[in-house]
Amino acid sequence: MAPISKDQILAHNATLQRHADTDYEYLGEQLARRNIDIDTIKTQVASFGVAIPSWGVGTGGTRFARFPGMGEPRHVFDKLQDCGVIQQLARATPTVSLHIPWDKCSDWSELRQTAASYGLGFDAMNSNTFSDQKDQSHSYKFGSLTHADAATRAQAVAHNIECIEIGQKLGSKALTVWVGDGSNFPGQQHFRRAFDRYLESTRQIYAALPGDWRMFLEHKICEPAFYSTVIQDWGSSFMAASALGTKAQCLVDLGHHAPNVNIEMIVARLIAAGKLAGFHFNDSKYGDDDLDAGSVAPYRLFLVFNELVSAAHEGVTGFDPAYMLDQSHNVTDPIESLMSSAAQVQQSYAQALIVDRAELDAAQTANDALMASRALKRGFETNVTPILQRVRAEAGGAIDPIGAYRASGYRQQVAKDRPAVVGGSGGIV
Ligand SMILES: [Mn+2]
């Protein structure tokens, strides 16, 4: 089931093929001069995938308002169709990450089959105890997994276990837990007791994990609680993951840190500790802005990938991060933003792959700061677009995904069946 016709993609590629081939050849020559085989890099990039969050295909919103776009997905099947378009054209997003209860449906096996028909699988499951669901007995206004009341905590634990059970039906292998629990006033919450309650609750969830599953603990500095949050930073996350066991690891959302925090260094620490779960990619200027990956600080994204490629290069034991986009699209067509962000992440990976590791090692050992910096910059400043274009085209995707998408008229087409939505599910997590 292909949302966009293959002939349309081929016709679009035909107009770009000659230039794409010339550019690939020229880049191949340049890289050969640095003793890098472009086809090897291409193969590595082709095997890289980043998951799409189901909520990403809807228009997001801010704390102030949400301005819906046309043809927004009405339910999880529409969301899968949009994810199918993204994967069909950009060929970098083979999995979808669901959010419960936003993506609840009555037939999980039908959902799994539908996903497979688009060539999609399922990534980590995401629970939601940061907002109240219809008909739930206890409110999360003052917390969920860390709530002072045991019955509220039990309800939040049960919801997470339900997410695991749904995920098992879909072939997912991980549960991501992010809680908004925290406080708005000094003194409102007993810091140590709240953390102890978090451990007590997450232990029960951890005990329900199937043997081949992982639990991703996502930290966030602030919001919705603005004085303190229980899992505020990677230190708290690391303490919790260590207490829980080997299946629990720390998830890094790039937007969940204070401005100027050295995120690539946090990544290196988590790798060293065997506790890096993976990523939620996005970009930010001020806080958890959920801007498109690499739109503001592409060098930072590259530096994160430099740590990842370095760990893979050195064969760090147990190194197996999960990659996902986590963005809120307010002024763009979400499909375009997600395709462009997936390519940005792929690009950072490719640029990190072409860093000369031996040269970097030698410069570090010799305390040659300038040459070390240059070794990284040479990777970052290489235009790897021809590699990405070739990867997409060889997989049946579009040389220029956004151009092909606009030419297809997909959005106008689905808008006929999907009435404009006011409000709707979405959010920033
Ligand atoms: Mn996130």
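Here is a short chat about how some helices and strands in this predicted model get their labels.

Local features here need pLDDT of at least 70 and side-chain atom pairs count only at pLDDT 80 or more, while totals for chains, interfaces and linings use all residues. Residues are numbered from 1 along each chain as its sequence is written.

User: Why is H11 called roughly antiparallel to H15?

Analyst: Helix H11 (residues 334-353) and helix H15 (residues 401-408) pack at about 160°, with axes 10 Å apart. Angles over 145 degrees count as roughly antiparallel, so H11 is roughly antiparallel to H15.

User: Which residues make that H11 and H15 contact?

Analyst: Ile335, Glu336, Met339 and Ser340 in H11 meet Pro401, Ile402 and Tyr405 in H15. Being in contact takes C-beta atoms, placed from the backbone, within 7 Å.

User: What makes the residues of the contact nonpolar, polar or charged?

Analyst: They split into five nonpolar, one polar and one charged. Ala, Val, Leu, Ile, Met, Phe, Trp, Tyr, Cys and Pro count as nonpolar, Asp, Glu, Lys and Arg as charged, and the others, Gly among them, as polar.

User: How do you know that S9 and S10 pair?

Analyst: Four bridges join strand S9 (residues 248-253) to strand S10 (residues 276-281), and they run parallel. Pairing needs at least two DSSP bridges, so S9 and S10 pair. Cys250 has Leu276 in S10 as its bridge partner.

User: What makes S4 and S11 edge strands?

Analyst: The open sheet runs S4-S5-S7-S9-S10-S11, with parallel pairing. Strand S4 (125-126) and strand S11 (322-325) each pair on one side only.

How values were computed
Axes are lines fitted to C-alpha atoms, for helices over the stretch in contact, and angles run from 0 to 180 degrees between N-to-C directions. Helices (H or I, at least four residues) and strands (E, at least two) are DSSP runs, numbered from the N terminus. Angles under 35 degrees count as roughly parallel, over 145 as roughly antiparallel, 65 to 115 as roughly perpendicular and the rest as oblique. Two residues are in contact if their C-beta atoms, placed from the backbone, lie within 7 Å.
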